[in-house]
Amino acid sequence: MFTNEPSSLPTGKADFLLAASVTKTCEIDGITQAGIPGMISLTPTLDAEFITNGKVFSLGELAETPTGVPTPAIITRAVHNLVPFSSIEILDLGLVKLPQNSTYKSFGILPSESIATGANIDARSVFNKGFAYGESYELKGSYLILAESTPSGTTTATATALALGYNCRGDFSSSFLHVPSGIRDETINKALSLVKDEMSNFEKLSHVSDNMLLFCAGFLMSASKRFHIVLAGGTQMAACLLVADKLREDVLMRVKHENITLATTLWVANDKNSDIAHILSLLSYTPNAIYTTFSFNDATIGVLKKYDEGEAKEGVGAGAALAYAHANSVENAKLLEEIEYILYSM
């Protein structure tokens, strides 16, 4: 089910969609390190600008953790430099600032509130917008990579899965090496206290989820009928599959799972603090799920080695970008060289 077989990706060029979203859960002190402290809500905007342009405009520096680990966007951009995607488009699913010099599509979706006090999302509306876009999306390449940038998204993903009845509380990863489990558990418990048994699935999701999960679940359900989608990400995107699977009875449809591959990184696959394989085992079908063997073991820029130690791990499509590079015969050494060139040039 979960294998190191990146060559199983479809052949040819891939469209790249980045589902960029802000949940104000990210403003809870200490819950995430996916960005610059005090400006974490800008991370999706900066990621969008960087994968599109190779540089950022909305701030003077790239998003990085407090220990200096750069965003996984550097991996995705390096892959694009070597084997360009057929297109890159940003999905504005509730950004605090729109990305500059980037092709984006907005859907009238605002940033969601903190799940600790209620996300305040019209879950059905956001899901329907994703479904409609999946029906209308015009594929430019051979298949689609669907990625995300949603700081504190593993927290909202955990709350989402638990609210829908899945038993996977300890299975979600974090951008931290040492997961801030106290803060995260407290936030999740506050969110779950807002959910009542008599609520519908969409009502529950309106309290505890985020726009990225809901939109992408809808998108997957319709778009998978027409073309292959590589779901780019770790436990957050695994949660997206859980949402789509749970909603199949509500919308009388399910994803065409034969047309979906989840692709993540070695760092998520080997993470001792999470269990993506168990999350995927909760689906009503056996999904296609892969990871690559790329690591920063041979990096000359020391801070990159923190990925191998367990920081950052995934995001902005890094896992699928690595698989895409492998499928297009890009050697790991060449990719590492490109990533380091990007960082030296900044």
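Author: Let me open with the classes: Ala, Val, Leu, Ile, Met, Phe, Trp, Tyr, Cys and Pro count as nonpolar, Asp, Glu, Lys and Arg count as charged, and the others, Gly among them, count as polar. By that rule, the lining of the largest cavity has 9 nonpolar, 20 polar and 6 charged residues. Please keep in mind that this is a predicted model.

Reader: Happy to. What makes this space a cavity rather than a pocket?

Author: A cavity is a set of points where a 1.4 Å probe fits but cannot get out, whereas a pocket is an open set. The structure holds 1 cavity of 30 Å³ or more, and the largest cavity has a volume of about 430 Å³. Of the 35 residues that line this largest cavity, Ala 34, Ser 175, Gln 236, Ala 312 and Glu 314 are the closest to its centre.

Reader: Which helices and strands each supply at least two residues of the lining of the largest cavity?

Author: They are α1 (43-53), β5 (143-149), α4 (153-163) and α8 (235-246). The most comes from α4, with 3 residues.

Reader: And what do the open spaces look like, starting with the largest pocket?

Author: The largest pocket has a volume of about 210 Å³. Its lining counts 15 residues, and Cys 26, Thr 32, Pro 37, Gly 38 and Ile 40 lie nearest its centre. By class, that lining has 7 nonpolar, 6 polar and 2 charged residues. The second largest pocket has a volume of about 170 Å³. It is lined by 14 residues, with Leu 110, Asn 120, Ile 121, Asp 122 and Asn 211 closest to its centre. This second lining divides into 6 nonpolar, 5 polar and 3 charged residues, and α3 gives the largest share, 3 residues.

Reader: Since α3 has come up, how is α3 set against α6: parallel or perpendicular?

Author: The axes of α3 (residues 123-136) and α6 (residues 201-208) come within 8 Å and cross at roughly 95 degrees. Angles from 65 to 115 degrees count as roughly perpendicular, so α3 is roughly perpendicular to α6.

Reader: How do you know that α3 and α6 meet, and through which residues?

Author: Contact means heavy atoms within 4.5 Å. Ala 123, Arg 124 and Phe 127 in α3 meet Phe 202, Leu 205 and Ser 206 in α6. The residues of this contact divide into 4 nonpolar, 1 polar and 1 charged.

Reader: On to the sheet: why are β2 and β3 called a pair?

Author: Two strands pair if DSSP finds at least two bridges between them. Strand β2 (residues 14-20) and strand β3 (residues 87-92) pair in the parallel sense over 6 bridges, so they meet the definition. Within this pairing, Asp 15 stands opposite Ser 87 in β3.

Reader: What makes β1 and β4 edge strands?

Author: The open sheet has 8 strands in the order β1-β8-β7-β6-β5-β2-β3-β4, with parallel pairing. Strands β1 (2-3) and β4 (104-106) each pair on one side only, and that makes them the edges.

Technical notes:
Residues are numbered from 1 along each chain as its sequence is written. This is a predicted model: local features need pLDDT of at least 70, side-chain atom pairs count only at pLDDT 80 or more; totals for chains, interfaces and linings use all residues. Side-chain values use heavy atoms; hydrogens and water are left out. Axes are lines fitted to C-alpha atoms, for helices over the stretch in contact, and angles run from 0 to 180 degrees between N-to-C directions. Helices (H or I, at least four residues) and strands (E, at least two) are DSSP runs, numbered from the N terminus. Angles under 35 degrees count as roughly parallel, over 145 as roughly antiparallel, 65 to 115 as roughly perpendicular and the rest as oblique. On a 1 Å grid over the protein atoms alone, a cavity is a set of points where a 1.4 Å probe fits but cannot get out, and a pocket is an open set with protein on both sides within 12 Å along at least five of seven lines; lining residues have an atom within 4 Å of a point. Grid points are joined across faces, edges and corners, and a volume is the space filled by probe spheres set on the points.
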